[in-house]
Every structure is written in structure tokens, then in C-alpha cells.
Amino acid sequence: MSPTALFVQQVINGLSLGGMYALLALGFTLIYGILELINFAHFSVFLWGSFIGMWTLEAFGLNGQSVVLTGLPLIGVLVAAFVASMLFCGILGVVIERYSLRPLRNVTGPMAMITTIGVSYILFNVILLGAGADTKNFPNPLPELRFHILGATLDLRVILIWIVSGALMLGLWFFVQRSRLGKAMRATAQDPDAARMMGVDVDRVILIAFFAGSALAGAAGLIFGLYYNFTSYIIGYTAGLRAFTAAVLGGIGNVPGAMLGGLIIGLIESLGGQFIAVKWTDVIIFSILVLVLVFRPTGLLGTLAPSKS
Amino acid sequence: MASETSITTSAAETVPWRAALARHRTKALILLVAVVALAFPAVNGNAGDIDAVANALAFAALALGLNIVVGFAGLLDLGYAAFFAIGAYTYGILASWQLTPAWSSFWAPFAWLDLVQKVTQGNAAVVHFTLSFWIALPLSAAIAAFFGILFGAPTLRLRGDYLAIVTLGFGEIVPIVVRNWSSLTNGAAGLNGVAPPQLFGQSFGVEIVPYYYVAIGIVALLIFVSGRLRDSRIGRAWMALRDDAVAASTAGVDLTRYKLLAFAMGAAFAGMTGTFYIAKLQTATPDMFMFPVSVMILVMIVLGGLGSVWGVVVGAIFLQLLQSWFLPAISSWLHIVGNLIGSPWLQQIQLADAIELIFGIVLVLMMLYRRDGLIPAHRKQGALSFEQQNAQVGESHGFRMSGIVREDSSSVPALEIKGVTVRFGGLVALKSVDITVPAGGVVAVIGPNGSGKSTLFNVITGLTSAESGSIRLFGEEIIGLGPHKIAKKGIARTFQNLRLFTNLTVMDNVLIGQHARLSTGPLGAVLRLPGVRAEERRARERVMEIIGNFGNRLAPRANQNVAALSYANRRRVEISRALASDPRILLLDEPTAGMNPAETFELAQQIKDLHKLGLTVIVIEHKLDVVVRLADTVVVLDHGEKIAEGRPDEVRRNEEVLRAYLGRNAQAGSAGIAA
């Protein structure tokens, strides 16, 4: 491939990964925006999304890349898988909030964050012990359909990821900006006490934020499997950290910021992997994280004060 | 009701024997633990068992280090294993064949110091690093501490939870660098042939017992250091910033310095342990230092009790032995049961595989149901006796406190505020405010809610930065200084919404007020030489002198946790903490809020006494009778502007003041603002 083609190819890949990271970053940002909590359980919710998606596809008789579907069956199967992943993860997020975080709502210090680490450990070890440590071949029913742009390949898989992640982000954007609940959510993020006094059911808003964020993580987990054709118990950690970096980069607590940050991290991963070295990808991403936190803690789009006490 | 006023003395009589009992019980317990630890290899000769305990001790050492960062200073460090790695590779590289640069005369002095050897390989002479294990222990501690400061420094301005994620990032970066920098570390294959320690010319080799005793020595040292630091000025500063960073800074604690110190100290413990661990293993791979290790150490200290020195040791040893002894033992019992009942699943179960699941469950359950851990850091204080509870408060005999300097009121003013403007986004909280406080004067600041009174205090104490203007303390500009520096210069304050260190005792809370006046450093705290002891004793006497002024309201409760105090008593503790810093100016933000009329009267009288002693006071107060009683000058703020200033009776009649308080249509001659 020519350098241009390579570049274009990596931009295509980067935007796909970026869509996934953005979906995952949105969950961090929604919850941080309201509770000022870094939710490590999110890593494992994403992992569960990937496995639930895989099991749903397998339930339709799909196995690896052997079965190819087209038309309505394809759409039906994909919709079923996304709905299953998102619904399961959404409910998982609600359960996590209700039973492990709400009791700690008024406890100061790192206690709630430590709890989310514990929850994350439980969730991913259940997968590890139940499904085993081996890498799973992820079912992919998409037909081979390729377009060529400037020497680079654009396949159906990538287009699907763009459509799904784009639609979900738009949906969330409308939900947060236009709906009554979205308004309550923004109010709660700004000042929970004032929101409560205005009649906002803050507990419900927090549950909704966990549901929405976790459902997006579920979609991201399924996208991971469709993109890479595999899944494994370890995927939550790396992807979760990169997505968190994306959320910080965009401005944590800021919804468009998470989307932008996700795309940037996706591009850095693919272009950096191509033109620098894959083995340094994480060092680059974490260096960005540290630099952003030091020099612009509000992120690219954020306005949240870094230390409101 | 006991009519005696000598409750303080009787309480003082009962406390020492209790304390003595507790001390001896602790000593006996420590002795018992030491005997068991020292005798263990003699009793149990199984090398595998001794090895398991030695490993558990290494993790106890790591837990002690992380406990300083998370338990004492309240900073969540999720990349702690990175410092373990740095310590391990320091020794591993400097005591193995990993690096063999060509020999040159540059190396001669190092060879003379026995740090390197000249080795001839074929025709070429190369350098073989032979750093002694005993030198490596402090050296790797120092190097890890350096990295602790390096990693900690960028994050200190940030919220605590960002710190967690940045340390997590560094925790990722270090093993990746180790894996990829093969020329230095031999990459993923790992360092090999690390030299075992030597003592009196004898190599430890693969014999486990000497390692065991080194581990005991390291853990004993770190327990000692942790305990000494905890019970010193250093430990108090850490716990203060953990409980309330804002209050700590206004009490004189330099947050940056103490956060970095905690980071460096924790890293040093990990670095030292890394050297021990790799010397025992004689190999190191990057996988030994990944995120799960950091989490495991976190689980250990959460289980044992955050901030509890003995607790984290017990937590670490228990969890390590759970992995190496208990779970395999239980698994093999289950296999037997499985054989008996013919269950293939039970016959093959390996509980040790589920260790991370167990870690997760431990974290969640401890956080939900027992946040203080198995051995809590703060022992519950016995409740006061009925007599102490119901003791009548002796008549106030005037506030007596040494050390208040009567300032010369004729020269420069104590505080001169000129043209100070503070803006929060579009909101102007203070608009070009001028206030002059004469030395020895009492100025009351009044005004409706939201008029900028607390912002005024925040800008004087350095918590809020001013957009423009000047604040001079006895002629010296203090705008732009950090809160701890302003505290050191002699401004002390209380807060409208009480900011005490809620996990600490009355004594510790007030001691932290003296932070800037004491000088014990980390080394002094650990060695506890006579000078340090004397300073600590004087500081404690000073605390008793100050809280003694509140009759027997606080003195019998000196060792009680402040969370157990009544609201009024907590206010008194906060005032005591401010007084403990030997202030030249005392700022009181609604000191009588929430007090009943009798308590209000008593406190107003005590503030008056302080004034008589020569202390300069600025007080924000809503109760106008208190203001009239105390203040020489009243300053009225409204919407961030000074609308009136004068003697209390003048201000009471000022029309603009009445309008601000009572609204535009209020009659000027009506009841007045005191009504």
C-alpha cells in the first residue's frame, strides 16, 4: 500500500475504534458528571456487553465467521444482539448503582471508587471462571462487501460500526439535550441539591445515567467483537483505560467532549500503531492523559472546574 | 448533679493508668508476635512454608507503604506496583550480568568500592555490576522515592480521583517500558541471575531461612517507621489533609509538600521491598508488577484497615497465606469430598483460581459493611462517665492564654485591605473592598446572606484568589501567598460550616493548629530524639492550656473523636485549633452559629477576653447583640460592596444598612436591625 492509502486505511480504522471508545467514554462522562466518581465497574460492564453479544449471536446459530447472512435476517440478528447487550448491561449498571454505590453516596474519600474496583473484579472474574481464559472466536454474520477509497478498504463491518455508534451518540445527545429527563440530568450534574429542591428525583436520574452509560458500554462491547472478530476476558481493562483517557481528553462530564475524545484516541491508536509502534501505543495514550491532566484538566471541551470542593 | 468543678483533674487521673495498661498490653502483644515470628522457622522446618511466609511478609511491607499513601494521606494510588518494579529492577540490574559495558578506567573507583568487578571475557574486559544487597535496600528506596515525587508532582493540583487514574497510567507505563527496553531489562524474558545477598562473605544462595529473617527485619523496620510517622507532626498533617484539605491548609499544612512526602515515603517502602523480593527470587519479569499486583495490595490494606499499621500487616499476611496455604488446603479437602460423593466438579475445583474474585468480593463487602477494616486505625474511645457527662461547667474565669503578643496599635494596622475585587465568572463577589483593622481591634463584618463575607475571609486566608487589590498583614503583602504560608504568617480562622478533621481526636485537631509552629521533620519523627519529644510534649501542654479555657467542656474529652462532640463543642475545638497557631489575627466565621443563648453569651465573653489579651479579631456574625458587645468597628457588606463602616451604634442607624437588611420600604426609624 502507498503511504497515502495506509494513512487513509488507518483513519478509517481509527474512526471505527474511535466510535467504540466514544460510546464507552460516554458512560464514564455521564456518571462522572453527576457523581464525580470514576466508575471502574464500567470496564467490566463493557466486557459483559461483548460476551452477551457473542452469546446472543451464537444463540441464532452463528458460529465464528462461517455463517453469512444478508437482508432482513442479518438486520434482525444484529438488532437482537445489540438490544440484548445493551439491555443486559443497562440493567447491570442499575444493579451496580443501586446495591453497591448508593449506600456509599455520602461517604467521602476514595471509598466509592474502591468499591467500583471491587465490582469490576467480581464481574470480570465471573467471566474468566465461567467462560475460561481462552480467546473466543466472535461470530460475524456480515457478508464480504468492500469499497475502495484512495487505495484503502472500507468494508461493511466498518460502515455498520459507524452507523451504530453514530446513531447511539445522536440518540444520547438528543436525550440529554431535549428530553425532560435529560434536562433533569444536566441539572443534577450542576447541582444535585438544587435539582432535588426543584423536584428532580435525583436517585432516579442517577439510575438512568447508569442505565444509559452502561447500555452504551454494552453496545461498545459488541462492536469490539464485531470489529476484531474475537473477545476475551481481558478486553475490558485496556479498552476501558483508553476510553477513560478519551473522556478526560474531551473534558470529563462533557457529552460532546467524550465523543470527540473517543475519536481522537481511536485515531491515535490506529495511526500511532501504524507509524510509531504498537508496543508504545499505551505509553502514548497515557502520556496524553497525564499531559492533559496537568496542562488542561478541563479537557478540550470541558468547563468543569478541576477542583470544586 | 456533681457540683465539683475539679472534674478535669479527676479525668486526668483516670486516663494515665488506662493508657499505661493499654501501652503494656500493646507491648506484650508485640513481644508475642516477635517471638512467634522469630521462632517460626525453628518450629516449622518446611522450606515451602517458610518461603510462603517470607513472601507474605514482602507483601506486608508493600501494604505498609501503600497504607501511608492511601490510609494516612487519603490519596488513592492505583499504580503502586510501579515503585515495587523500580526497586526490583534497581537491584536486579546492578547485581546481575544484564549490563556489561566495556571496562575503562572510569570504573576503577567503583571497583575499589566493590560496586563493580572487572571481568575478562575472551579478549575484552567488561564491567560486572556487583552492588551489595545491603546498599541496594536504601538505594532503591531512594530511587523509588524520587520516582514517587516525579509521578506525584503533576497530579497534585488535581482532585484525588484524577490522582487515582494518573497513578494507574504510570502503573501501566512502567511495566511497558520495562518490557520494551530490552537492553536494560532483558524485556519480557526477564532479568536472570540476580545475585543473592551476602552476609559476612556467605551468600544466602537458595537457602530460605536467611531471607525469612531479612523479611522479618524489613517488616519490623517499616512497622516502626509507620508508627512513628503516624504519631508525629508528619502523620497528623497527612491525616488532616485526608480529612479536610482546605482546613488543613489554613491550619498551616503545605498540601503539596505533604502529599509528595506521602508519595515518596510509600514509594520508598515499595522500592526497598522490590529489592528484597528480587534478591529472593533472583529473577524479575515485567508481569510481576502489573495492575493486579497494585489492586492486591489495595485489597490487603482495605481488609486490614486503612490507616491501621498492624491491620494492614495482618491483612497482607492473611491474603497471601490464603492464596498459598488456605485455598489449596480447602481445595484438596473438597477434592476428597468430591471423590466420596462422586462429583467430578468438586474433584477438580481449584479455589486459588478464584482469588481475584475473592479480592473483588472482599473490596465490595468491606466498603459496604466495614470501611474501617478488620483492625480499625481509630480505636473507639470509652464513653465519659456519668459524672463527666453531667459535670457542671465552672464559671468562666476569663480566658487565659500565654503567647498572645499585644501588638503596638499606633504603628501599622494589623490588616489593611485595599481595593480587593473577587470575581467568580460573571459574579462579582467582592467589589473593591477597603477594610482597615487596627492592631488589637475587633472588627465585625455583617451583611445579608451572599453579601461576600465568607469570600472576604477566603481571600484573606488565601483560599480564593483576588482579581485585584492588596492585603497587608502588619505592612506585609500577603495576596498571592498560599493558605499555609498565610497561616504561618499569623492569620488563623474558623469556618462557617465547621471544618474539623472528623476522624481525629480533639487533641489531634488542636495539635494540627500548631503545625506551622512546630518543626519536626520526617527523620526527626522517626528517630524521636529528645528535642522532638520535648517539642511534642510542649505542644500537648499547649493544647491542654487552650482547651482548658473552655472549663471542662473539652478537657475531659481531649482523647475523644471530634465526631462524638456536641455542635457547640465542635465550634470550641475549631476555635482552639485556630488559637493553637499563635495567630496575630483571628478570623471567626459565625462562631456562635447554632449555639443557644447561654453558650453564645459565654463564647462572646471568651472572645472579649482574647481581645483584652491583645489579640486582633475579625468576626462575621449575624447575632447583633454579639456584634455590639464585641466590636469596636462594624463593616457592612452588601452584594460584595462595603456599604457602611463605623461604631456599632452608628451602623445600626445607617439607612443604607437598614435597606440592605430590611428591604427598600423599611422605615429608617423602625425597630432597627437588632430586632
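The legends below accompany close-up views of a predicted model.

**View 1. Confidence along chain A of the predicted model.** Chain A has a mean pLDDT of 89, and 98% of its residues reach 70 or more. Among the elements of chain A, the highest mean pLDDT, 95, belongs to helix H2 (residues 41-59), whereas helix H11 (residues 281-295) has the lowest, at 84.

**View 2. Helix H10 of chain A, residues 255-275.** From its first C-alpha to its last, this helix of 21 residues reaches 30 Å, which is close to the 30 Å expected at 1.5 Å a residue. H10(A) is mostly covered, with 15 of its 21 residues buried.

**View 3. The hairpin formed by strands E1 and E2 of chain B.** Strand E1 (residues 116-121) of chain B pairs with strand E2 (residues 124-129) of chain B in the antiparallel sense, and the pairing runs over six bridges. Within this pairing, Gln117(B) stands opposite His128(B) in E2(B). Two residues lie between E1(B) and E2(B), and in the turn Gly122(B) has a positive phi of about 65°.

**View 4. The contact between domain 1 and domain 3 of chain B.** Chain B is divided into domain 1 (53-95 + 131-369), domain 2 (397-490 + 583-675) and domain 3 (504-582). The C-alpha centres of domain 1 of chain B and domain 3 of chain B lie 33 Å apart, and the contact takes 16 residues from domain 1 of chain B and 15 residues from domain 3 of chain B. On the side of domain 1 of chain B that touches domain 3 of chain B, the elements that give two or more residues are helix H8 (208-230) and helix H9 (233-243) of chain B. H9(B) gives the most to this side of domain 1 of chain B, with seven residues. The residues on this side of domain 1 of chain B divide into 10 nonpolar, two polar and four charged.

View 5. Ala352(B) counts as partly exposed because 15 other C-beta atoms lie within 10 Å, a number between the limit of 12 or fewer for an exposed residue and that of 20 or more for a buried one. Leaving aside neighbours within four places in sequence, Ala352(B) is in contact with Gln323(B), Leu327(B), Pro328(B) and Ser331(B). The C-alpha atoms of Ala352(B) and Ser331(B) are separated by 8.0 Å, although these residues are 21 residues apart along the chain.

Methods. Residues are numbered from 1 along each chain as its sequence is written. Chains are lettered from A and ligands numbered from 1 in the order in which they are written. This is a predicted model: local features need pLDDT of at least 70, side-chain atom pairs count only at pLDDT 80 or more; totals for chains, interfaces and linings use all residues. Two strands pair if DSSP finds at least two bridges between them. Helices (H or I, at least four residues) and strands (E, at least two) are DSSP runs, numbered from the N terminus. Domain bounds come from an automatic or database domain assignment. Two residues are in contact if their C-beta atoms, placed from the backbone, lie within 7 Å. Ala, Val, Leu, Ile, Met, Phe, Trp, Tyr, Cys and Pro count as nonpolar, Asp, Glu, Lys and Arg as charged, and the others, Gly among them, as polar. pLDDT is the predictor's confidence in each residue, from 0 to 100. The expected span of a helix is 1.5 Å times one less than its number of residues.
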